[in-house]
Amino acid sequence: MHEETVYEALDHAHGGEGQWAFGTGFDEPLAGVDTTVPEGIDPADLGAYCLMLGDDALVLCQRLTQWVTNAPELEEEVALANCGLDLLGQARLLLARAGSVGVLGRSRERATASIPDEDALAYFRDPDEFRHSGLVEAPNGDFGQTVVRLLAASAWRLALLNRLRESRDPVLAAIAAKGVPELTYHRDHAARWVLRLGDGTPESHRRTQAGVDAVWPLLADLFTATDVETRLTAAGVAVDPAELTDEVRDVLTLVLERATLTVPEWPTPQPSRGRAGEHSAEFTALLTELQSTAREHPAATW
Amino acid sequence: MAETVTDPELPMLTLADLGVLRDVRDEDGTVVVEITPTYSGCPAMGVMRADLVHALHRAGFADVDVRTVLSPAWSTDWISPAGRRKLAAGGIAPPGDAPVRRTGPVPLQLGPSRRTATCPQCGSADTEEISEFSGTACKAMRRCRVCLEPFEHLKEI
(Lines give C-alpha, C1' and ligand atoms only; values in the text may rest on other atoms or scores of the structure.)
Protein backbone atom coordinates (compact mmCIF):
# COMPACT_ATOMS: atom_id res chain seq x y z
CA MET A 1 0.00 0.00 0.00
CA HIS A 2 1.96 2.98 -1.28
CA GLU A 3 1.42 6.52 -2.37
CA GLU A 4 2.45 7.27 -5.93
CA THR A 5 5.90 8.27 -4.73
CA VAL A 6 7.85 8.06 -1.52
CA TYR A 7 7.75 11.83 -1.27
CA GLU A 8 3.96 11.95 -1.44
CA ALA A 9 3.72 9.35 1.31
CA LEU A 10 6.06 11.28 3.57
CA ASP A 11 4.43 14.57 2.75
CA HIS A 12 0.99 13.18 3.49
CA ALA A 13 2.15 11.79 6.83
CA HIS A 14 3.27 15.26 7.85
CA GLY A 15 0.16 17.11 6.81
CA GLY A 16 1.69 18.53 3.64
CA GLU A 17 4.22 20.61 5.52
CA GLY A 18 7.68 20.69 3.98
CA GLN A 19 10.45 18.50 5.34
CA TRP A 20 13.72 19.82 6.78
CA ALA A 21 15.75 19.40 3.66
CA PHE A 22 19.18 18.10 4.63
CA GLY A 23 18.49 15.82 7.52
CA THR A 24 15.98 13.34 8.61
CA GLY A 25 13.19 15.26 10.28
CA PHE A 26 10.46 12.96 9.02
CA ASP A 27 11.84 9.95 10.81
CA GLU A 28 13.08 10.38 14.33
CA PRO A 29 14.91 7.16 15.07
CA LEU A 30 13.77 7.01 18.69
CA ALA A 31 10.11 7.92 18.00
CA GLY A 32 8.00 6.04 20.51
CA VAL A 33 10.96 4.65 22.46
CA ASP A 34 10.85 5.17 26.24
CA THR A 35 13.82 7.50 26.80
CA THR A 36 13.48 7.82 30.59
CA VAL A 37 16.93 7.73 32.21
CA PRO A 38 17.11 5.02 34.91
CA GLU A 39 17.73 6.17 38.45
CA GLY A 40 21.34 6.69 39.46
CA ILE A 41 22.56 7.59 35.96
CA ASP A 42 23.77 11.12 35.34
CA PRO A 43 22.03 12.34 32.17
CA ALA A 44 24.88 14.71 31.27
CA ASP A 45 27.40 11.86 31.42
CA LEU A 46 25.12 9.53 29.48
CA GLY A 47 24.65 12.16 26.78
CA ALA A 48 28.38 12.85 26.56
CA TYR A 49 29.07 9.13 26.20
CA CYS A 50 26.47 8.74 23.45
CA LEU A 51 28.01 11.72 21.64
CA MET A 52 31.43 10.07 21.74
CA LEU A 53 30.20 6.81 20.29
CA GLY A 54 27.84 8.53 17.87
CA ASP A 55 30.60 10.81 16.58
CA ASP A 56 32.91 7.82 16.01
CA ALA A 57 30.21 6.29 13.79
CA LEU A 58 29.28 9.51 11.98
CA VAL A 59 32.85 10.44 11.10
CA LEU A 60 33.87 6.95 9.99
CA CYS A 61 30.70 6.82 7.86
CA GLN A 62 31.70 10.05 6.17
CA ARG A 63 35.20 8.70 5.48
CA LEU A 64 33.83 5.43 4.03
CA THR A 65 31.41 7.19 1.72
CA GLN A 66 34.35 9.14 0.23
CA TRP A 67 35.09 5.85 -1.58
CA VAL A 68 31.84 6.05 -3.53
CA THR A 69 32.87 6.45 -7.22
CA ASN A 70 36.51 5.77 -6.18
CA ALA A 71 36.62 2.16 -4.96
CA PRO A 72 38.64 -0.41 -6.92
CA GLU A 73 35.51 -2.31 -7.97
CA LEU A 74 31.77 -1.66 -7.98
CA GLU A 75 30.99 -4.37 -5.43
CA GLU A 76 33.47 -2.79 -3.03
CA GLU A 77 31.95 0.62 -3.47
CA VAL A 78 28.59 -0.83 -2.51
CA ALA A 79 30.14 -2.69 0.42
CA LEU A 80 31.86 0.38 1.90
CA ALA A 81 28.73 2.48 1.42
CA ASN A 82 26.69 -0.22 3.17
CA CYS A 83 29.09 -0.28 6.12
CA GLY A 84 28.80 3.50 6.20
CA LEU A 85 25.01 3.30 6.16
CA ASP A 86 24.99 0.95 9.15
CA LEU A 87 27.28 3.36 11.00
CA LEU A 88 25.10 6.30 10.05
CA GLY A 89 22.13 4.48 11.55
CA GLN A 90 24.06 3.84 14.75
CA ALA A 91 25.14 7.51 14.80
CA ARG A 92 21.55 8.72 14.38
CA LEU A 93 20.33 6.56 17.25
CA LEU A 94 23.18 7.63 19.53
CA LEU A 95 22.91 11.35 18.71
CA ALA A 96 19.14 11.15 19.21
CA ARG A 97 19.80 9.50 22.59
CA ALA A 98 22.20 12.33 23.50
CA GLY A 99 19.54 14.85 22.46
CA SER A 100 16.85 13.05 24.48
CA VAL A 101 18.83 13.66 27.68
CA GLY A 102 19.45 17.29 26.78
CA VAL A 103 23.09 17.15 25.68
CA LEU A 104 22.94 19.55 22.76
CA GLY A 105 25.46 22.21 23.68
CA ARG A 106 25.51 25.21 21.42
CA SER A 107 24.15 23.22 18.48
CA ARG A 108 20.59 23.90 19.63
CA GLU A 109 21.17 27.67 19.60
CA ARG A 110 22.64 27.54 16.11
CA ALA A 111 19.96 25.28 14.61
CA THR A 112 16.36 26.43 14.29
CA ALA A 113 13.69 24.82 16.42
CA SER A 114 12.28 22.71 13.58
CA ILE A 115 15.54 20.80 13.17
CA PRO A 116 15.60 17.52 15.14
CA ASP A 117 18.20 17.02 17.88
CA GLU A 118 20.23 14.45 15.95
CA ASP A 119 20.55 16.80 12.99
CA ALA A 120 21.32 19.82 15.17
CA LEU A 121 24.18 17.78 16.63
CA ALA A 122 25.46 16.55 13.26
CA TYR A 123 25.18 19.79 11.32
CA PHE A 124 25.47 22.60 13.87
CA ARG A 125 28.39 21.70 16.08
CA ASP A 126 31.83 23.15 15.42
CA PRO A 127 34.88 20.88 15.08
CA ASP A 128 36.02 21.28 18.69
CA GLU A 129 32.61 20.09 19.93
CA PHE A 130 33.03 16.66 18.30
CA ARG A 131 34.18 13.81 20.53
CA HIS A 132 35.31 11.05 18.17
CA SER A 133 38.69 9.30 18.25
CA GLY A 134 41.67 10.19 16.09
CA LEU A 135 41.41 6.76 14.42
CA VAL A 136 38.17 7.51 12.57
CA GLU A 137 38.99 11.02 11.40
CA ALA A 138 42.35 10.23 9.77
CA PRO A 139 42.25 10.54 5.97
CA ASN A 140 41.53 7.33 4.07
CA GLY A 141 44.92 6.91 2.44
CA ASP A 142 44.90 4.22 -0.24
CA PHE A 143 42.54 1.25 -0.28
CA GLY A 144 44.97 -0.87 1.76
CA GLN A 145 45.09 1.72 4.53
CA THR A 146 41.31 2.09 4.42
CA VAL A 147 40.66 -1.61 5.02
CA VAL A 148 43.25 -1.73 7.83
CA ARG A 149 41.53 1.23 9.51
CA LEU A 150 38.10 -0.35 9.00
CA LEU A 151 39.39 -3.58 10.55
CA ALA A 152 40.77 -1.77 13.60
CA ALA A 153 37.78 0.52 14.06
CA SER A 154 35.19 -2.25 13.69
CA ALA A 155 37.14 -4.68 15.92
CA TRP A 156 37.20 -2.03 18.67
CA ARG A 157 33.57 -1.04 18.22
CA LEU A 158 32.35 -4.63 18.04
CA ALA A 159 34.18 -5.55 21.25
CA LEU A 160 32.64 -2.48 22.91
CA LEU A 161 29.04 -2.83 21.71
CA ASN A 162 29.07 -6.55 22.49
CA ARG A 163 29.63 -5.57 26.13
CA LEU A 164 27.28 -2.57 26.06
CA ARG A 165 24.38 -4.95 25.38
CA GLU A 166 24.39 -5.26 29.18
CA SER A 167 24.36 -1.49 29.80
CA ARG A 168 22.06 -0.25 32.56
CA ASP A 169 20.66 2.29 30.12
CA PRO A 170 18.10 0.22 28.19
CA VAL A 171 18.20 2.52 25.14
CA LEU A 172 21.99 2.28 24.87
CA ALA A 173 21.79 -1.49 25.41
CA ALA A 174 19.24 -1.81 22.58
CA ILE A 175 21.30 0.35 20.20
CA ALA A 176 24.38 -1.76 21.01
CA ALA A 177 22.55 -5.04 20.45
CA LYS A 178 21.43 -3.87 17.01
CA GLY A 179 24.94 -2.81 16.09
CA VAL A 180 26.66 -6.11 16.96
CA PRO A 181 25.59 -8.17 13.91
CA GLU A 182 26.26 -5.19 11.64
CA LEU A 183 29.79 -4.71 12.94
CA THR A 184 30.45 -8.44 12.71
CA TYR A 185 29.95 -8.13 8.95
CA HIS A 186 32.16 -5.03 8.73
CA ARG A 187 35.01 -6.56 10.71
CA ASP A 188 34.98 -9.84 8.78
CA HIS A 189 34.81 -8.02 5.47
CA ALA A 190 37.78 -5.80 6.33
CA ALA A 191 39.73 -8.78 7.71
CA ARG A 192 39.30 -10.73 4.46
CA TRP A 193 40.58 -7.75 2.47
CA VAL A 194 43.62 -7.43 4.72
CA LEU A 195 44.30 -11.15 4.18
CA ARG A 196 43.88 -10.89 0.44
CA LEU A 197 46.07 -7.81 0.08
CA GLY A 198 48.69 -8.65 2.71
CA ASP A 199 49.17 -12.17 1.35
CA GLY A 200 48.77 -10.99 -2.26
CA THR A 201 51.32 -9.47 -4.63
CA PRO A 202 54.52 -7.73 -3.45
CA GLU A 203 52.90 -4.40 -4.27
CA SER A 204 49.65 -5.11 -2.38
CA HIS A 205 51.71 -6.42 0.56
CA ARG A 206 53.90 -3.31 0.59
CA ARG A 207 50.95 -0.94 0.51
CA THR A 208 48.95 -2.81 3.14
CA GLN A 209 51.98 -2.89 5.44
CA ALA A 210 52.30 0.88 4.94
CA GLY A 211 48.60 1.12 5.90
CA VAL A 212 49.23 -0.88 9.06
CA ASP A 213 52.19 1.33 9.96
CA ALA A 214 50.06 4.46 9.43
CA VAL A 215 47.05 3.17 11.42
CA TRP A 216 48.88 1.61 14.40
CA PRO A 217 49.90 4.83 16.22
CA LEU A 218 46.23 5.91 16.08
CA LEU A 219 45.29 2.96 18.31
CA ALA A 220 47.10 4.60 21.25
CA ASP A 221 44.16 6.77 22.31
CA LEU A 222 41.39 4.13 22.10
CA PHE A 223 42.05 2.35 25.38
CA THR A 224 42.23 5.05 28.05
CA ALA A 225 38.98 5.97 29.77
CA THR A 226 37.83 9.59 29.90
CA ASP A 227 36.36 10.82 33.20
CA VAL A 228 32.87 10.34 31.76
CA GLU A 229 33.64 6.71 30.88
CA THR A 230 35.13 6.06 34.31
CA ARG A 231 32.06 7.39 36.11
CA LEU A 232 29.62 5.61 33.79
CA THR A 233 31.53 2.33 34.04
CA ALA A 234 31.14 2.50 37.81
CA ALA A 235 27.42 3.13 37.27
CA GLY A 236 27.06 0.04 35.04
CA VAL A 237 26.30 2.11 31.93
CA ALA A 238 29.59 2.22 30.02
CA VAL A 239 32.57 -0.07 29.52
CA ASP A 240 36.12 0.93 30.44
CA PRO A 241 37.90 0.81 27.06
CA ALA A 242 41.03 -0.61 28.74
CA GLU A 243 38.99 -3.78 29.14
CA LEU A 244 38.85 -4.14 25.33
CA THR A 245 42.63 -4.16 24.87
CA ASP A 246 43.32 -7.91 24.87
CA GLU A 247 40.40 -8.82 22.64
CA VAL A 248 41.14 -6.14 20.03
CA ARG A 249 44.89 -6.81 20.04
CA ASP A 250 44.30 -10.56 19.63
CA VAL A 251 41.96 -10.05 16.67
CA LEU A 252 44.28 -7.62 14.90
CA THR A 253 47.37 -9.74 15.55
CA LEU A 254 45.67 -12.87 14.25
CA VAL A 255 44.58 -11.19 11.02
CA LEU A 256 47.93 -9.51 10.38
CA GLU A 257 49.93 -12.67 11.03
CA ARG A 258 47.69 -14.69 8.72
CA ALA A 259 48.14 -11.93 6.13
CA THR A 260 51.97 -12.27 6.40
CA LEU A 261 52.17 -8.67 7.63
CA THR A 262 54.52 -7.42 10.33
CA VAL A 263 52.66 -6.58 13.54
CA PRO A 264 54.07 -3.31 14.91
CA GLU A 265 54.67 -2.90 18.59
CA TRP A 266 51.46 -2.13 20.45
CA PRO A 267 51.38 1.63 21.13
CA THR A 268 51.49 2.89 24.69
CA PRO A 269 47.95 3.91 25.70
CA GLN A 270 47.44 7.62 26.19
CA PRO A 271 44.45 9.88 26.89
CA SER A 272 42.48 10.61 23.74
CA ARG A 273 42.87 14.08 22.24
CA GLY A 274 39.89 13.51 19.98
CA ARG A 275 37.58 12.74 22.93
CA ALA A 276 38.67 16.11 24.38
CA GLY A 277 37.68 17.93 21.19
CA GLU A 278 41.14 18.31 19.66
CA HIS A 279 41.05 17.44 15.99
CA SER A 280 43.16 17.72 12.85
CA ALA A 281 42.85 20.20 10.01
CA GLU A 282 41.74 17.27 7.83
CA PHE A 283 38.75 16.77 10.10
CA THR A 284 37.74 20.42 9.80
CA ALA A 285 37.78 20.02 6.02
CA LEU A 286 35.67 16.85 6.24
CA LEU A 287 33.15 18.46 8.57
CA THR A 288 32.91 21.61 6.47
CA GLU A 289 31.89 19.47 3.52
CA LEU A 290 29.40 17.47 5.60
CA GLN A 291 27.76 20.60 7.00
CA SER A 292 28.09 23.03 4.09
CA THR A 293 24.61 22.79 2.57
CA ALA A 294 22.76 22.62 5.88
CA ARG A 295 24.56 25.70 7.16
CA GLU A 296 24.22 27.64 3.93
CA HIS A 297 20.46 27.08 3.82
CA PRO A 298 19.38 26.83 7.45
CA ALA A 299 15.90 25.38 7.96
CA ALA A 300 15.36 24.89 4.22
CA THR A 301 12.50 22.52 3.39
CA TRP A 302 11.50 20.44 0.41
CA MET B 1 -5.31 -3.31 7.93
CA ALA B 2 -1.76 -2.68 9.19
CA GLU B 3 -0.90 -6.21 8.08
CA THR B 4 -1.56 -5.34 4.44
CA VAL B 5 1.12 -2.63 4.28
CA THR B 6 4.09 -3.74 2.22
CA ASP B 7 7.81 -3.11 2.60
CA PRO B 8 9.06 -0.16 0.51
CA GLU B 9 12.15 -2.02 -0.72
CA LEU B 10 10.83 -5.59 -0.81
CA PRO B 11 7.32 -4.86 -2.12
CA MET B 12 6.47 -8.56 -2.45
CA LEU B 13 6.48 -8.74 1.36
CA THR B 14 4.19 -7.18 3.91
CA LEU B 15 5.73 -5.64 7.02
CA ALA B 16 4.09 -8.49 8.91
CA ASP B 17 5.78 -11.11 6.66
CA LEU B 18 9.12 -9.40 7.28
CA GLY B 19 8.70 -9.44 11.06
CA VAL B 20 9.03 -5.65 11.21
CA LEU B 21 5.44 -5.16 12.39
CA ARG B 22 5.62 -6.15 16.06
CA ASP B 23 2.25 -5.16 17.50
CA VAL B 24 -1.00 -3.37 16.73
CA ARG B 25 -3.34 -2.49 19.58
CA ASP B 26 -6.03 -0.08 20.66
CA GLU B 27 -5.09 2.35 23.45
CA ASP B 28 -8.09 4.51 24.40
CA GLY B 29 -9.17 5.01 20.81
CA THR B 30 -5.66 5.43 19.40
CA VAL B 31 -4.28 2.73 17.15
CA VAL B 32 -0.77 2.05 18.42
CA VAL B 33 1.48 0.31 15.91
CA GLU B 34 4.94 -0.95 16.86
CA ILE B 35 7.63 -1.48 14.24
CA THR B 36 11.29 -2.42 14.53
CA PRO B 37 14.11 -1.51 12.13
CA THR B 38 15.89 -4.33 10.28
CA TYR B 39 19.28 -2.56 10.36
CA SER B 40 20.22 0.54 12.38
CA GLY B 41 20.56 2.55 9.19
CA CYS B 42 17.54 1.18 7.34
CA PRO B 43 16.46 4.23 5.31
CA ALA B 44 12.97 2.81 4.75
CA MET B 45 11.72 3.36 8.30
CA GLY B 46 10.27 6.78 7.50
CA VAL B 47 8.38 5.45 4.51
CA MET B 48 7.09 2.45 6.49
CA ARG B 49 5.83 4.79 9.17
CA ALA B 50 4.17 7.04 6.60
CA ASP B 51 2.59 4.11 4.75
CA LEU B 52 1.18 2.67 7.98
CA VAL B 53 -0.28 5.98 9.09
CA HIS B 54 -1.81 6.58 5.69
CA ALA B 55 -3.28 3.07 5.36
CA LEU B 56 -4.91 3.31 8.78
CA HIS B 57 -6.22 6.83 8.11
CA ARG B 58 -7.78 5.62 4.88
CA ALA B 59 -9.36 2.74 6.76
CA GLY B 60 -11.05 5.28 9.05
CA PHE B 61 -8.73 5.28 12.07
CA ALA B 62 -8.12 8.94 12.83
CA ASP B 63 -5.64 8.56 15.69
CA VAL B 64 -2.61 6.51 14.79
CA ASP B 65 0.65 6.36 16.70
CA VAL B 66 3.52 4.44 15.08
CA ARG B 67 6.24 3.64 17.62
CA THR B 68 9.73 2.26 17.15
CA VAL B 69 10.87 -0.66 19.28
CA LEU B 70 14.59 -1.38 19.27
CA SER B 71 14.71 -4.38 21.56
CA PRO B 72 14.82 -7.28 20.98
CA ALA B 73 16.78 -6.54 17.79
CA TRP B 74 15.20 -7.76 14.54
CA SER B 75 16.40 -11.08 13.22
CA THR B 76 15.84 -12.72 9.85
CA ASP B 77 14.39 -15.64 11.83
CA TRP B 78 11.29 -13.45 12.23
CA ILE B 79 10.50 -13.60 8.50
CA SER B 80 7.39 -15.77 8.16
CA PRO B 81 7.23 -18.96 6.05
CA ALA B 82 4.88 -17.11 3.68
CA GLY B 83 7.40 -14.26 3.51
CA ARG B 84 10.17 -16.69 2.58
CA ARG B 85 8.06 -18.17 -0.24
CA LYS B 86 7.24 -14.68 -1.56
CA LEU B 87 10.91 -13.67 -1.49
CA ALA B 88 11.95 -16.73 -3.51
CA ALA B 89 9.10 -16.16 -5.98
CA GLY B 90 10.32 -12.58 -6.32
CA GLY B 91 13.85 -13.69 -7.23
CA ILE B 92 15.49 -13.12 -3.82
CA ALA B 93 16.88 -16.14 -1.99
CA PRO B 94 15.45 -16.25 1.54
CA PRO B 95 17.83 -16.34 4.53
CA GLY B 96 18.90 -19.49 6.35
CA ASP B 97 18.95 -19.70 10.14
CA ALA B 98 20.37 -16.64 11.90
CA PRO B 99 23.73 -17.18 13.66
CA VAL B 100 23.31 -18.39 17.22
CA ARG B 101 24.24 -15.67 19.67
CA ARG B 102 26.80 -16.84 22.18
CA THR B 103 28.22 -15.02 25.15
CA GLY B 104 31.81 -13.79 25.00
CA PRO B 105 33.70 -12.32 22.04
CA VAL B 106 32.18 -12.56 18.57
CA PRO B 107 34.30 -15.09 16.64
CA LEU B 108 36.23 -13.85 13.63
CA GLN B 109 35.28 -15.43 10.28
CA LEU B 110 38.29 -15.25 7.99
CA GLY B 111 37.39 -17.86 5.41
CA PRO B 112 34.86 -17.38 2.66
CA SER B 113 31.30 -17.11 3.91
CA ARG B 114 29.78 -20.45 4.83
CA ARG B 115 26.34 -19.23 3.93
CA THR B 116 24.50 -21.19 1.29
CA ALA B 117 21.51 -20.26 -0.81
CA THR B 118 19.41 -21.92 -3.46
CA CYS B 119 19.12 -20.20 -6.83
CA PRO B 120 15.64 -18.65 -7.02
CA GLN B 121 15.67 -19.02 -10.83
CA CYS B 122 16.59 -22.67 -11.40
CA GLY B 123 16.55 -24.14 -7.90
CA SER B 124 20.17 -25.30 -7.92
CA ALA B 125 22.03 -25.31 -4.61
CA ASP B 126 25.34 -24.79 -6.48
CA THR B 127 25.69 -21.03 -5.95
CA GLU B 128 28.52 -18.72 -4.88
CA GLU B 129 28.70 -15.40 -3.08
CA ILE B 130 29.91 -12.43 -5.15
CA SER B 131 29.69 -9.83 -2.39
CA GLU B 132 28.36 -9.72 1.15
CA PHE B 133 26.83 -6.32 0.44
CA SER B 134 24.23 -5.50 -2.17
CA GLY B 135 21.70 -2.84 -3.13
CA THR B 136 20.29 -2.67 0.39
CA ALA B 137 21.99 -3.34 3.71
CA CYS B 138 20.01 -6.54 4.25
CA LYS B 139 21.09 -8.39 1.10
CA ALA B 140 24.17 -10.09 -0.36
CA MET B 141 24.93 -10.74 -4.04
CA ARG B 142 25.27 -14.31 -5.30
CA ARG B 143 25.57 -16.13 -8.63
CA CYS B 144 24.26 -19.53 -9.69
CA ARG B 145 26.95 -21.82 -11.10
CA VAL B 146 24.37 -23.82 -13.05
CA CYS B 147 22.16 -21.25 -14.80
CA LEU B 148 24.78 -18.48 -14.31
CA GLU B 149 22.14 -15.96 -13.21
CA PRO B 150 23.14 -13.47 -10.52
CA PHE B 151 20.64 -13.04 -7.70
CA GLU B 152 20.25 -11.39 -4.31
CA HIS B 153 20.19 -13.22 -1.00
CA LEU B 154 18.64 -11.82 2.15
CA LYS B 155 21.50 -12.41 4.55
CA GLU B 156 21.06 -13.96 7.95
CA ILE B 157 21.36 -11.73 11.00
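In this predicted model, strand β6 (residues 139-144) of chain B runs antiparallel to strand β7 (residues 150-154) of chain B, and five bridges join the two. Chain A, by contrast, has twelve helices and zero strands. The two chains touch through 36 residues of chain B and 47 residues of chain A.

**The sheet of chain B**

- Within β7(B), Pro150(B) is the bridge partner of Arg143(B).
- The pair β6 and β7 belongs to an open sheet of four strands in chain B, ordered β4-β7-β6-β5, with mixed pairing.
- In general, the strands of a sheet pair through backbone hydrogen bonds, in either a parallel or an antiparallel manner.

**The helical chain A**

- Read from the N terminus, the elements of chain A follow the order α-α-α-α-α-α-α-α-α-α-α-α.
- The radius of gyration of chain A is 20 Å, close to the 19 Å that the globule rule gives for 302 residues, so chain A is as compact as a globular protein of that length.
- The C-alpha trace of chain A spans about 60 × 45 × 40 Å along its principal axes.
- Of the 302 residues in chain A, 52% are buried.
- Among contacts in chain A with a separation of 6 or more, 74% are between residues 24 or more positions apart.

**The nonpolar core**

- The largest nonpolar core holds 128 residues, and Leu151(A), Ala152(A) and Val194(A) touch the most other members.
- Domain 1 (2-68) and domain 2 (78-99 + 114-154) of chain B both give residues to this core, so the core lies between these domains.
- Apart from neighbours within four places in sequence, Leu151(A) is in contact with Arg187(A), Ala190(A), Ala191(A), Val194(A), Leu252(A) and Val255(A).

**The interface between the chains**

- The contact between the chains involves 36 residues of chain B and 47 residues of chain A.
- On the side of chain B that touches chain A, α2 (45-58), β3 (64-68) and β5 (127-131) of chain B each supply at least two residues.
- α2(B) gives the largest share of that side, with nine residues.
- By class, the side of chain B that touches chain A comprises 21 nonpolar, eleven polar and four charged residues.

Technical notes:
Residues numbered from 1 in each chain as written. Chains lettered and ligands numbered in written order. Predicted model: local features only at pLDDT ≥ 70, side-chain atom pairs only at ≥ 80, totals over all residues. Contact = placed C-beta atoms within 7 Å. Nonpolar A, V, L, I, M, F, W, Y, C, P; charged D, E, K, R; others polar. Rg over C-alpha atoms; globule rule 2.2 N^0.38 Å. Buried ≥ 20, exposed ≤ 12 C-beta atoms within 10 Å, placed from the backbone. Core = buried A, V, L, I, M, F, W, Y, C linked by C-beta atoms within 7 Å. Domains from an automatic or database assignment. Pairing = 2+ DSSP bridges.
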